[in-house]
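My notes follow in the order I took them.

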Amino acid sequence: MAKKLMKGNEALAEACLRAGCRFFSGYPITPQTEILEYLCWRMDEVGGKCVQTESELAGVNMLFGAAAAGARALTTTSGPGFSLKQEGISYLCASDVPAVIVDVMRIGCGLGDIFMGQGDYWQLTRGGGHGDYRTIVLAPCSVQESVDIAYGAFDLAEKYRHPVIIATDATIGQMMEPVELPEMIEHDINKYDWAIKPRLEGEEQRAIWNRYWDWDWKDPSVGGHMYPEYVLKKYGEMEETEQRWESVQTEDAEIIIVAYGTSARVAKGAVARARAEGIKLGLIRPITLWPFPKKAFEELGDQVKAFLDVERNILGQMKDDVILADGNKHPVEFYGDYWDNSNEITIVEKVKEMLARY
């Protein structure tokens with residue numbers, strides 16, 4: 001298959017189309033606007049609908065409507081817009097409606113700024129809406145992986161009848177890299193018996209509603225019509241089966257970096273530099289931010305001395321998950337950049353300081 005040079009945002013958008021996505025609703029916000037711009041003309045070519053909405057609130061609620069009708073539906077945004085979508089995401093989870101949501105992260109809280117950042121981790125993995133819900137969160141670290149993850153995200157969403165979030169960032173969204181694009185498929189909007197459709201005479205009316213109202217829901221495997229058991233079963237299955245990660249030279253590593261997205265790209269360079277100097281450094285790259293890849297830590301040997309959480313934020317938002325995944329057995333330190341790009345040289349210097357202490 002021939003490769004094509006594409007910007008990250010546009011490649012992700014094209015992958016969604018090729019996965020059968022035929023509805024997009026969203027609002028322009030840097031650094032994800034290229035997704036909307038690309039779909040404004042490309043969606044017409046494949047017979048879909050692209051709606052530039054008046055707000056992020058409208059974007060997520062239009063998404064809800066299209067997904068409830070059985071369409072493969074997409075909305076995208078960045079940090080401030082992602083905050084506004086939280087109630088809609090909570091409704092998608094409560095109603096068991098599959099959809100794909102993309103957050104191209106930027107820097108800072110509040111309005112923030114348009115530069116690359118990884119400050120949405122807590123909101124992505126803990127949920128900014130109310131109630132008992134989680135969302136599968138996938139974090140690519142290249143343009144090609146953005147394509148691969150986006151292409152499979154709709155299948156994953158429909159597997160669980162649940163929204164799936166793709167957490168990319170400004171660097172990956174704006175960079176250009178060669179990619180191989182997957183084949184185009186067509187999704188049957190009438191494929192699922194739960195989706196809303198026009199009712200023919202004699203047919204039972206289909207409806208989408210908040211599942212906790214449905215106390216008559218029955219499943220022998222959880223002992224009857226128990227909504228709490230249903231929720232625990234669903235998220236338990238996700239956590240057990242959907243953990244994804246990449247391990248880089250962790251077999252003998254004494255210090256292990258944990259990093260995702262753009263930070264993981266820099267961390268890989270730091271591992272190579274450290275190894276050239278005889279330092280046993282490794283990397284665990286979470287591909288799922290939730291469920292967090294705890295299984296990657298179970299495979300590690302006794303030679304590990306400490307972990308280094310590398311992120312593009314101030315507070316080290318992933319650090320708690322590293323501590324929990326490790327079972328609080330080793331020290332976990334944080335190395336973060338904010339305005340400046342992460343640097344493999346300074347990461348290696350930080351690792352040397354840690355080795356001197358541990």
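Entry 1, a helix pair. I looked at how helix 10 passes helix 13 and found a right-handed crossing. A crossing is right-handed if the near helix is turned clockwise from the far one by less than a right angle, and left-handed if anticlockwise. Helices here are DSSP runs of H or I with at least four residues, strands are E runs of at least two, and both are numbered from the N terminus. Helix 10 covers residues 261–276 and helix 13 covers residues 344–357; they pack at an angle of about 60°, with their axes 8 Å apart. That makes helix 10 oblique to helix 13. Under 35 degrees would count as roughly parallel, over 145 as roughly antiparallel and 65 to 115 as roughly perpendicular, with the rest oblique. The axes are lines fitted to C-alpha atoms, for helices over the stretch in contact, and the angles run from 0 to 180 degrees between N-to-C directions.

I then listed the contact residues: V266, G269, A270, R273 and A274 on helix 10, and E344, I345, I347 and V348 on helix 13. Contact means heavy atoms within 4.5 Å. By class, I noted six nonpolar, one polar and two charged residues in this contact. Ala, Val, Leu, Ile, Met, Phe, Trp, Tyr, Cys and Pro count as nonpolar, Asp, Glu, Lys and Arg as charged, and the others, Gly among them, as polar.

I am working on a predicted model, where local features need pLDDT of at least 70 and side-chain atom pairs pLDDT 80 or more, while totals for chains, interfaces and linings use all residues. Residues are numbered from 1 along each chain as its sequence is written, and side-chain values use heavy atoms, with hydrogens and water left out.

I found a cis peptide bond between T30 and P31, with omega about 10°. P31 sits in the loop between strand 2 (23–26) and helix 2 (33–45). Another cis peptide bond joins W290 and P291, with omega about 0°; P291 is in the loop between strand 13 (288–290) and helix 11 (294–298).

R161 has phi near 50° and lies in the loop between helix 7 (143–160) and strand 8 (163–169). R161 is partly exposed at 21% relative accessible area (buried is under 20%, exposed over 50%, partly exposed in between; 1.4 Å probe, protein chains only). Q249 has a phi of about 50°, in the loop between strand 10 (245–248) and strand 11 (255–258), and is partly exposed at 35%.

I counted zero disulfides, a disulfide being a pair of cysteine sulfur atoms within 2.5 Å. For C40 the nearest cysteine sulfur is that of C50, 4.1 Å away. C40 is partly exposed at 39%. The sulfur of C141 is 18 Å from the closest one, in C16, which is too far for a bond; C141 is buried at 7%.

T125 is in helix 6 (residues 121–126) and is buried at 2%. Leaving out residues up to four places away in sequence, T125 touches R134, L289 and W290. L315 lies in the loop between strand 14 (306–311) and helix 12 (319–326) and is exposed at 62%. With that sequence exclusion, up to four places, L315 touches W122 and F334.
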